[in-house]
Amino acid sequence: MPKKEIKWKYPESIVSCEWLSKRLSDKNIRIFDCTTYLHYTDKNPLKPYDVESGIINYKKGHIPNAAFLDIQGKLSDNNSDFKFTIPDYQILMNRLQTLGIGDPFHIVLYSGNGIQWATRVWWLIFVLGFKKVSILNGGIKEWKRLGFELEKGEKTYEPAKFISFIDKTIFVNKERTYESIKKDNCILLNALTRDLHEGENSRYGRPGRIPGSKNIPFLELVESTQKFISPDKAQEIFKKENIDTKTRVLNYCGGGIAATLNAFILRQLGIEKLEIYDNSMSEWAMDDTLPIEKN
């Protein structure tokens, strides 16, 4: 008997470049470039990387009609000790609406150097209750590969509004993460690369991982084309770690970015009990009162 093909549970949350190319004239679609660059440094464990906005490359060439989203500057709490902490939900909602996110528009997000920047923004919008938001599969890399046109300069949208239904259970803090370490019904899932997970790299201060966590590096969920791997491949990866629809999964990484990609794919596989530790190892590794383990 042939194996049943697995499909994404929420296919509307992922759109293809071909789909978007046919709808560039649709005024109800608003496109946003979320590109952000991290320049890693080993000079200061309090500052594991410098953040660079993708605005310069965006102006040189972006998908037609796309506006730019400055994740660190506009969609993060700049009073935090950490680079990408989620702002107060009301402030976040006001900023997103000012940027043009809201009804009646279908929001399409992409990034140029890793789809995890788009999934970060996807979750920031989703937790506020706005659901008409999709990731462009493959981002601008796939768009260019297919030979679709680019546009130079800068575009902005008129403000929009939406009715919020805020879900405060998704983004969690270090206290919730600590409480979850020995919970039988919870898997702590590290989205960082294996060298960081195993304690071979001290990028975030103390090397290692949150005790008891499993490791699925976010890069394993993306093809070299920057497109998501297939649902079958994704399910196989998570099944090996005994993650299924009954599991609560608390996702973390270095600063709450890569973990959003893992969480996005988990949701697409029907795993709904999801959390994202927002400041992740940037916070955890620097707090000597919190336990850490390494190989």
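Predicted model: local features only at pLDDT ≥ 70, side-chain atom pairs only at ≥ 80, totals over all residues.
Residues are numbered from 1 along each chain as its sequence is written, and side-chain values use heavy atoms, without hydrogens and water. Local features need pLDDT of at least 70 and side-chain atom pairs count only at pLDDT 80 or more, whereas totals for chains, interfaces and linings use all residues.

**Exercise 1.** Characterise the lining of the largest pocket.

*Solution.* A pocket is an open set of points on a 1 Å grid over the protein atoms alone, where a 1.4 Å probe fits, with protein on both sides within 12 Å along at least five of seven lines; lining residues have an atom within 4 Å of a point.
- Step 1: the volume is about 380 Å³, taken as the space filled by probe spheres set on the points.
- Step 2: 25 residues line the largest pocket, and Leu38, Tyr40, Gln116, Phe218 and Ala258 lie nearest its centre.
- Step 3: strand S3 (36-40), helix H5 (116-126) and helix H10 (258-268) each contribute at least two lining residues; helices (H or I, at least four residues) and strands (E, at least two) are DSSP runs.
- Step 4: the lining comprises 15 nonpolar, eight polar and two charged residues, with Asp, Glu, Lys and Arg counted as charged.

**Exercise 2.** Classify the aromatic pairs Tyr58–Phe68 and Tyr277–Trp284.

*Solution.* Rings of Phe, Tyr and Trp (its six-membered ring) pair if their centres lie within 6.5 Å; planes under 30 degrees apart are stacked, over 60 edge-to-face and the rest tilted.
- Step 1: the count by this rule is 11 aromatic pairs.
- Step 2: Tyr58 and Phe68 stand 5.4 Å apart, centre to centre, with 45° between the planes, and the pair is tilted.
- Step 3: Tyr58 belongs to helix H2 (residues 55-60) and Phe68 to strand S5 (residues 67-68), so the pair ties together parts 10 residues apart in sequence.
- Step 4: Tyr58 and Phe68 are both buried (under 20% relative accessible area, 1.4 Å probe, protein chains only).
- Step 5: Tyr277 and Trp284 form an edge-to-face pair, at 6.1 Å centre to centre and 80° between the planes; both are buried.

**Exercise 3.** Determine the strand order of the open sheet and its edges.

*Solution.* Two strands pair if DSSP finds at least two bridges between them.
- Step 1: five strands run in the order S1-S7-S6-S2-S5, with parallel pairing.
- Step 2: S1 (14-15) and S5 are the edges, each with a single partner strand, so one side of each lacks a neighbour in the sheet.
- Step 3: S6 (residues 106-110) and S7 (residues 133-136) pair over three bridges, and Val108 has Ser134 in S7 as its bridge partner.

Terms used:
Buried < 20%, exposed > 50% of the residue type's maximum accessible area, 1.4 Å probe, protein only.
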